[in-house]
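The entries below follow the order in which I looked things up.

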Amino acid sequence: MDISSSKTTAPAPPPVDRVEPSAPATKAAARGATRPGDRIFLGFSRGSGIALLVIMAAIAAFLTYRTALALADNTGNFLTTFEWDPAGVSTGGKPYFGIAVLVFGTVVSSVIALAIAVPVAIGIALFISHYAPRKLAAPIAYVIDLLAAVPSIVYGLWGALVVAPSLTGLYSWLDDYFGWTGIFAYEGGAPRSLMTVGILLAIMILPIITNVSREVFLQVPKMHEEAALALGATRWEVIRMSVLPFGRSGIISASMLGLGRALGETIAVATVLSPNFLINASVLDYGGGTFAQNIASKFNEASEYGQDALIASGLVLFVITLLVNGAARLIIARRKEYSGANA
């Protein structure tokens, strides 16, 4: 008997008929894609984007025009002169001003603020998102949100009346142990220095960095953390290998938001700082200046030409802000594989 003939073959599955969309359904989908609401929303979104670019271009054009008027009669070097005398009181009526001190003070105080605020903010965000019980995490997050709503003048008054007088002991300690560096040399006196400004700015930008970082850490896929725990990783190893790489771009974005506020803070800095146009090697010596503080303190009493000079310094701050944000975008683009966008 033929063995092959005894094998039974399974019946072929019946063909599956494809259901083609009917003509009315196709027309309805086409109408849905171009319905009036979609067109209105598309036009509104596009118009908003174009309006933003137009506003930015108008601001840049206005600042550039007024800067050109100011620099046309300036007898000093705008980038390297240490004095600010648009009225020409010390030069026989000839304007003589520069932004060297303002650039130094703005950059140094902002760097100090970031150096203090970023590590503390990341620690608070990790505690709220991964360590604290839910009953404790919610009140802490609420308090952090409230700190972001405190007006700048309140921070300034608190800094001038409470923070600055309390820093004398800290500055003396820094002088005793690190004064040999020259950066932390302290000769006594009122601690109204760039270091004090940096500490106050760190407190002010702490809620912004904390809130953004916390939200980023909460978006980490749970499967990543559970996989690391299943492999025997500790809680810190999970944070180091899964949470921080995922939230790196978010941390950078949060830091840039905080830096933007630190660069443009006005009233709090003007309340705390004792301004002068000197660059001190020590960040603990009183004096210095920032762009925003100089504009706020001198704009009302300045002449028309003096206002042009202040606007010229505002253009430099505008350019610095654009460069900082551009650098942040480049850093995020290089590390987009860690951002979690492809997770």
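Is Arg-214 buried or exposed? I looked up its relative accessible area, which is 8%, so Arg-214 is buried. This is a predicted model, and I read every value below as computed from it.

**Entry: the salt bridges**

I stayed with Arg-214 and looked for its partner. Its side chain meets that of Glu-215 in a salt bridge, with N and O 3.2 Å apart. I then checked Glu-215. Its relative accessibility is 39%, so Glu-215 counts as partly exposed. The cut-off for buried is under 20%, and exposed begins over 50%.

I counted the salt bridges next. There are three. One of them joins Asp-308 to Arg-66, and the closest N and O atoms are 2.4 Å apart. Asp-308 belongs to helix H14 (residues 304-334) and Arg-66 to helix H3 (residues 36-72), so this pair ties together parts 242 residues apart in sequence. I looked up burial for the two residues: both Asp-308 and Arg-66 are buried.

Arg-261 and Glu-265 also form a salt bridge through their side chains, at 3.6 Å from N to O. Arg-261 is buried, and Glu-265 is buried as well.

**Entry: the chain as a whole**

I stepped back for the overall numbers. I find 14 helices and two strands in the chain. The chain has 343 residues, and 38% of them count as buried. I also looked at contacts between residues at least 6 apart in sequence. Of these, 72% join residues at least 24 apart. The accessible surface is about 19900 Å², and carbon and sulfur atoms hold 67% of that.

**Entry: Ala-202**

Which residues does Ala-202 contact, leaving aside its neighbours within four places in sequence? I find Ala-113, Ile-116 and Ala-117. I also noted Val-111, which is 91 residues from Ala-202 along the chain. The C-alpha atoms of Ala-202 and Val-111 are separated by 9.5 Å.

**Entry: the largest pocket**

The largest pocket has a volume of about 210 Å³. Its lining includes Ser-129, His-130, Phe-217, Lys-222, Glu-226 and Arg-235. Which helices each supply at least two residues of this lining? They are H4 (100-131), H8 (194-218), H9 (222-230) and H10 (235-246). H9 gives the most, with four residues.

**Entry: cavities**

I searched the whole structure for cavities of 30 Å³ or more and found two. The largest cavity has a volume of about 50 Å³. I wrote down its lining: Phe-104, Leu-194, Leu-278, Asn-280, Ser-282, Val-283, Asp-285, Gly-287 and Gly-288.

**Entry: a nonpolar patch**

Ile-153, Val-154, Leu-157, Trp-158, Leu-161, Val-162 and Ile-267 make a nonpolar patch of about 630 Å². Which helix gives the largest share of this patch? I find helix H6 (residues 152-166), which supplies six residues. Ile-267 sits in helix H12 (residues 267-272). I checked its accessibility, which is 38%, so Ile-267 counts as partly exposed.

Key: Residues numbered from 1 in each chain as written. Predicted model: local features only at pLDDT ≥ 70, side-chain atom pairs only at ≥ 80, totals over all residues. Heavy atoms only, no water. Buried < 20%, exposed > 50% of the residue type's maximum accessible area, 1.4 Å probe, protein only. Contact = heavy atoms within 4.5 Å. Areas by Shrake-Rupley, 256 points an atom, 1.4 Å probe, with all protein chains shown as cover. Patch = residues over 30% accessible without salt bridge, like charges linked within 9 Å, V, L, I, M, F, W, Y side chains within 5 Å. Salt bridge = Lys/Arg side-chain N within 4 Å of Asp/Glu carboxyl O. 1 Å grid on protein atoms, 1.4 Å probe; cavity = no way out; pocket = protein on both sides within 12 Å on 5 of 7 lines; lining within 4 Å. Points joined across faces, edges and corners; volume = space filled by probe spheres on them.
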